[in-house]
Amino acid sequence: MIRKIAFLAGLSLLITLMMSRRAALNASFSPGETWEEETLTAPFDIPIYKSAEQLAADRKSLLEGFQPVFRLDTLVGSTQLRNLRADLSSDPSLSPERRQMIYNEFRHIYQRGIVSDGERADYADRLVRIDSAHTLKTCYATDLFTPSTAQNYLRTQGVEGEQMVRYLTPSLHYDPSLNASLREQLLSRLSQTEGIIRTGEVIVSNGQMIDQNTARRLTSYQREYDNRLGQGTSGLILFLGKLLAVAAILSVSYVFFHYFSSRHFTGWKPLLFVFLLYTLMAAFMALVVRTQFLSPYIVPLPVVAILLLAFFDTRVAIYGHISVVLLASLFVRFSFEFFTVNFLAGMVAIFVMRHYYQRHSVFKAVGAAILTGALSYIAFMWMTQGLLKIHYLGILWFVANGFLMLGFYQLIYIFERLFGFVSDITLLELSDTNQPLLLQLAEKAPGTFQHSVQVASLAESAAKEIGANPLLARTGALYHDIGKMENPFYFVENQTGNFNPHSMLSPVQSASIVRSHVTEGIMLARKHRLPAIVQEFITGHHGTSKLYYFYAEEMQKHGSVENPNDFTYPGPKPVRREVAICMMADSIEAASRSLGSYDRESIDALVEKIVDRQIAEHQFSQAELSFAEVTRLKELFKAKLNNIYHVRVAYPSAA
């Protein structure tokens with residue numbers, strides 16, 4: 001018990017650690033609606049956060065007023081002016097006054113600054129700042145020279161000559177890293193809030209229409225609520241609350257599976273499998289929630305119900321589905337909506353799938369889950385947002401969910417091998433009469449094979465009648481007598497002519513050989529690796545009943561039976577309903593072959609006699625069969641045998 005408690009506690013802690021550390025305020029609202037909850041007041045001071053649109057507009061406005069900075073490279077100007085002065089001094093055709101005038105014009109150009117044509121075009125008609133020796137000077141970009149505008153300016157001042165162009169080099173350069181840093185500094189001063197809601201102030205009143213301003217106040221409250229309750233002592237309390245919720249779900253699941261579905265959860269493997277599915281879905285939810293751009297509706301929660309139905313029964317599938325959806329709902333904000341949508345999707349998948357005989361049943365169940373989930377999602381959107389505000393592309397999340405379900409379902413083979421389970425797909429494969437073991441049975445013991453086929457047909461119909469697993473009943477019945485292959489001629493259905501090998505044996509020896517077909521069958525089943533659930537039909541189809549024929553023969557010969565156990569099958573008694581059905585069908589089919597007449601009264605009396613004797617021997621005491629179900633089974637067997645042995649029309653002989 002301590003280990004079980006430790007396991008549940010550890011698993012609860014693991015799943016809780018996957019969850020967000022933020023609180024979840026479950027309050028849905030949209031502008032234009034009426035607030036139908038109770039009046040909401042501020043429990044603490046709440047800053048009113050700007051909307052994303054407003055922040056984007058403020059950011060744009062700030063950046064539009066940003067003045068880019070150009071760095072002035074004084075070395076370029078001084079070098080070029082020095083070269084110009086030297087070249088002018090060496091030109092004898094120029095007077096000193098002319099030389100000075102040309103020099104002054106070039107100095108004027110470099111004082112204003114030269115930028116490249118492309119950079120001036122990028123910032124035309126905008127104020128820019130020039131960084132000169134850590135001194136900022138503001139001017140319009142159009143006031144700056146480019147090499148081409150400087151050349152035009154020189155022409156207007158009477159300075160001609162193509163050779164002058166070589167002295168015009170850009171001295172102003174745009175600094176990307178500096179400007180990026182300045183923009184970040186500017187945006188850092190952008191306020192994220194506008195105003196404050198004081199403690200005790202009404203945020204929204206009951207019945208109040210939610211306008212844009214009220215919606216912003218509610219959004220701010222929600223944001224601050226999440227942040228505050230996820231930190232410090234409040235954060236610890238939040239964590240403990242989630243831990244208790246997870247622990248409660250897992251504990252109740254354990255109690256249900258262990259005490260109310262004990263025939264499926266006899267060992268630790270089934271329980272470990274269910275909790276592994278819970279953990280995988282919780283990890284998937286945690287991953288999706290943290291990405292923020294994925295919808296939680298993409299998590300294939302209904303596949304848990306499909307997998308549980310494949311290995312167990314409808315009750316386990318329904319409860320397991322409810323539990324995993326409850327766990328997943330703890331990861332999201334609007335948990336009721338999320339729970340309802342996934343609950344309905346999984347339940348419909350269970351109803352559509354149930355026991356299947358064709359592989360496309362999985363596709364039907366997944367398709368039904370997608371359709372149900374999408375319709376439920378649309379219904380909630382209509383209730384909360386109306387017709388005009390729904391993003392119908394959200395339905396694509398359910399389509400993706402369906403593909404993930406189909407992909408996840410492919411792990412069923414791995415689960416079978418890891419946990420020793422048997423799915424309906426495996427049963428379907430085993431029920432194929434071309435299986436090697438069944439072919440051997442048909443070759444070595446043809447009478448037993450035909451008997452097994454008839455029993456399988458009866459068992460399948462009977463299982464359908466009371467809601468048991470018809471595929472399991474059919475498959476188990478096909479293999480229940482495989483042990484007769486070892487000594488086929490000691491069983492009446494395989495004997496030909498009038499020779500009976502039992503005539504040469506004592507009743508005890510005959511009973512021993514007949515009883516051995518159970519142990520021989522188990523050895524064959526293990527050799528051919530038949531699933532344990534199929535082996536139950538081999539050991540349980542006779543239960544602990546007596547071999548009455550040889551028992552009576554022993555009584556006639558000796559007047560008493562020294563050891564009654566020599567004439568009793570080793571058992572155990574049937575535990576599964578399907579094995580109990582096989583026991584009835586086996587005895588009834590075998591006994592029906594020895595009837596003297598096949599009228600309705602004889603068949604009905606035979607069925608009543610055999611089933612009543614099995615009840616009197618308490619063969620069904622461990623199986624979950626009610627008296628009402630037994631009565632329905634008897635009526636079905638009567639109807640089936642009457643159909644098999646009905647009187648046919650006598651055809652006239654040929655003349």
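Colleague: How many disulfides does this predicted model have?

Modeller: A disulfide is a covalent bond between the sulfur atoms of two cysteines. In this predicted model the count comes to zero disulfides.

Colleague: Are C139 and C582 buried or exposed?

Modeller: Both cases are read from relative accessibility, with buried set at under 20%. C139 has 15% relative accessibility, so C139 counts as buried. C582 is at 0%, and therefore counts as buried.

Colleague: Which residues touch the most other members in the largest nonpolar core?

Modeller: In soluble globular proteins, nonpolar side chains tend to be buried together. Here the largest nonpolar core has 72 residues, and I15, L250, F257, F273, F312 and Y409 touch the most other members. Helix α10 (residues 268-291) supplies the largest share of this core, eleven residues. A second, separate core holds 54 residues, including A445, V607, L636 and L641.

Colleague: What is F312 in contact with, leaving aside its neighbours within four places in sequence?

Modeller: With those neighbours left out, the contacts of F312 are H264, F265, P270, F273, V274 and F421.

Colleague: Where do the buried residues of α6 fall, seen down the axis?

Modeller: An α-helix has 3.6 residues a turn, so residues three or four places apart point the same way. In α6 (residues 147-156), the buried residues are A150, Q151, Y153 and L154. Viewed down the axis of α6, these buried residues fall within an arc of 160 degrees, so they line one face of the helix. The cover over the buried residues of α6 includes α4 (96-112). After α6 comes G158, with a positive phi near 80 degrees.

Colleague: How much space lies in the largest cavity, and what lines it?

Modeller: Rolling a probe the size of a water molecule over the atoms shows where empty space is left. This structure holds one cavity of 30 Å³ or more. The largest cavity has about 60 Å³ of space. Its lining is made of P302, V341, N342, A345, A369, I370, G373, F398, N401 and M405. Two or more residues of that lining come from each of α13 (335-353), α14 (360-385) and α15 (396-409).

Colleague: Which residues lie nearest the centre of the second largest pocket?

Modeller: The second largest pocket contains about 1,200 Å³ of space. Of the 39 residues that line this pocket, V492, Y549, Y569, A590 and A591 lie nearest its centre. At least two lining residues each come from α21 (507-527), α23 (548-558), α24 (577-592) and α25 (600-616). Helix α24 gives the most, six residues.

Colleague: Which peptide bond is cis, and which residues other than glycine have a positive phi?

Modeller: Most residues other than glycine have a negative phi, and most peptide bonds are trans. In this model a cis peptide bond joins G571 and P572, with omega at about 5 degrees. P572 sits in the loop between α23 and α24. R529 has a positive phi, near 60 degrees, and is placed in the loop between α21 and α22 (532-540). With 76% relative accessibility, R529 counts as exposed. Phi of H618 is likewise positive, near 60 degrees; H618 lies in the loop between α25 and α26 (627-644).

Colleague: Where is S423 placed, and is this residue buried or exposed?

Modeller: S423 belongs to the loop between α16 (412-419) and α17 (424-430). Its relative accessibility is 0%, so S423 counts as buried. Apart from neighbours within four places in sequence, S423 is in contact with A310, F311, I412 and E416.

How values were computed. Residues numbered from 1 in each chain as written. Predicted model: local features only at pLDDT ≥ 70, side-chain atom pairs only at ≥ 80, totals over all residues. Heavy atoms only, no water. Core = buried A, V, L, I, M, F, W, Y, C linked by side-chain atoms within 4.5 Å. Buried < 20%, exposed > 50% of the residue type's maximum accessible area, 1.4 Å probe, protein only. Helix = DSSP H or I, 4+ residues; strand = E, 2+ residues; numbered from the N terminus. Contact = heavy atoms within 4.5 Å. Disulfide = S-S within 2.5 Å. Arc of directions from axis to C-beta. 1 Å grid on protein atoms, 1.4 Å probe; cavity = no way out; pocket = protein on both sides within 12 Å on 5 of 7 lines; lining within 4 Å. Points joined across faces, edges and corners; volume = space filled by probe spheres on them.
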